[in-house]
Amino acid sequence: MAGEKETTKVAIDKYRRFLHEDHVAAAETMEWRHGIPPNYDSVNNVFEQGRTKVWPEGSLEETLQNSMKTWEMELKYKTCIKDFRTINPEKFKVFVNGREGLSAEEILKVGGYNALLKSSMPNEFKYHKEDQETFESSHTAFRSAFPRGFAWEVINVYTGPPVVTYKFRHWGFFEGPFKGHAPTGEIVQFYGIGIMKVDKYLRIEELELYYDPAELFGGLLKGPKNSQSNTEHQGGQDDNTTTQHCPFNHN
C-alpha cells in the first residue's frame, strides 16, 4: 500500500529502482505528478531504524521489497502508465481483501489510498470514505498523519516466482493530525499478506493484498478529537505544487 514521505530533492535511492535513472534518462519525457521525482530520505530513515529484517543483497526477499517500494513510488508520482516499469500494463490488476480487481488506470485515477482502503461497509461505518476523497485529499490526509513517512518491509517470502506469496509490515509514527484527531506520537502499524503473479521480467501482472484496515485506523482514531478541521482535508494540491497530467490520460 503506498504512503511514504518525500521532499522534492532529487537523489539516488537505493531502495527504489529506476527513480534516479528515470530522472536522468527520461528527464524530457517522463511525466511526474509534481514535475520532478520525489525524494524518500525521511521515510528511508524510518525504515532503516525500525525494520525487523535485513535481507541479503540480491535475495528474493530484498528484490521483492525494493520492487514493491518502486511500484508504490510509480503509482503515487508518475501520471502515465506508459512510464511504469514495475508492472505489465496489459495484464495488471490489484485485488484487495477479495474485492473486484482494479486496473492500473483505475488506481491511477482514484489514488492508491482510495483504491486500497475501499470497503463494502455502509458509508456511516467506514473509517475512510473513498467516494468523498480525491487523489490529492487522501494523500494529504495520510501525509499529515505521518510527516516522516509510512515505511514498508517484507517479513517473509513463502513462494517464489512466478507466483510470489509474502507477508509484509507497514508502519509509521502518528505525529501529525488526521481528520480531526490529534497525533499521539505512537507507532501505527499493520501486517498483511500479498500474492503476486509476475512475468518473466518480474513485472507485476496480478497482485492480491489481504490485511485488516482496523489495525491502521485503530491507531489513527486513538488521538483525541480536535476542535477544528485539519488542514489535510481541505483539498487542493499537495505541497502547493503544480500537478502534471499525462497527455495520453483522458480521465
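Guide: Let's begin with Glu 205, which is found in strand β5, residues 204-211. Helices (H or I, at least four residues) and strands (E, at least two) are DSSP runs, numbered from the N terminus. Before we go on, note that this is a predicted model, in which local features need pLDDT of at least 70, side-chain atom pairs count only at pLDDT 80 or more, and totals for chains, interfaces and linings use all residues. Residues are numbered from 1 along each chain as its sequence is written, and side-chain values use heavy atoms, with hydrogens and water left out.

Is Glu 205 buried or exposed? Glu 205 counts as buried because its relative accessibility is 8%; the cut-offs are under 20% relative accessible area for buried, over 50% for exposed, and partly exposed in between (1.4 Å probe, protein chains only). What surrounds Glu 205? Not counting residues up to four places away in sequence, Glu 205 touches Asn 88, Lys 91, Phe 92, Lys 93, Lys 197, Val 198 and Asp 199. A contact here means heavy atoms within 4.5 Å.

One of those neighbours deserves a second look. Side chains of opposite charge can pair when their charged atoms come close. The side chains of Glu 205 and Lys 91 meet in a salt bridge, at 3.7 Å from N to O. This pair links distant parts of the chain: Glu 205 sits in strand β5, and Lys 91 in the loop between α3 (60-77) and β1 (93-96), 114 residues apart. The rule for a salt bridge asks for a side-chain nitrogen of Lys or Arg within 4 Å of a carboxyl oxygen of Asp or Glu, and the count comes to ten salt bridges.

Here are two others to find. Arg 169 and Glu 153 meet through their side chains at 2.9 Å, N to O.

Leaving aside neighbours within four places in sequence, Val 154 is in contact with Lys 53, Trp 55, Glu 61, Leu 64, Gln 65 and Lys 167. Val 154 and Ile 193 are 39 residues apart in sequence, and 9.8 Å separates them in space, C-alpha to C-alpha.

Next, follow the chain on to helix α7 (residues 213-220), where Leu 216, Phe 217, Gly 219 and Leu 220 are buried. These four lie on the same side of α7, because they cover an arc of only 160 degrees around the axis; the arc is that of the directions from the helix axis to the C-beta atoms. The cover over them includes α6 (135-145), β2 (150-159) and β4 (187-198).

Leu 216 turns up again in the largest nonpolar core, which has 43 residues; Tyr 166 and Leu 216 have the most contacts inside it. A second, separate core of twelve residues includes Tyr 15, Met 73, Ala 151 and Trp 171. Such a core is a set of buried Ala, Val, Leu, Ile, Met, Phe, Trp, Tyr and Cys residues joined through side-chain atoms within 4.5 Å.

Now step back to the whole chain. There are seven helices and five strands, and of the 251 residues 52% count as buried. Among contacts with a separation of 6 or more, residues 24 or more positions apart account for 69%.

Finally, how far can you trust the picture? The chain averages a pLDDT of 84, with 81% of the residues at 70 or above; pLDDT is the predictor's confidence in each residue, from 0 to 100. Over residues 228-245 the pLDDT stays under 50, and the model has 40 contacts beyond four places in sequence for that stretch. Where pLDDT is low, the predicted coordinates should not be read in detail.
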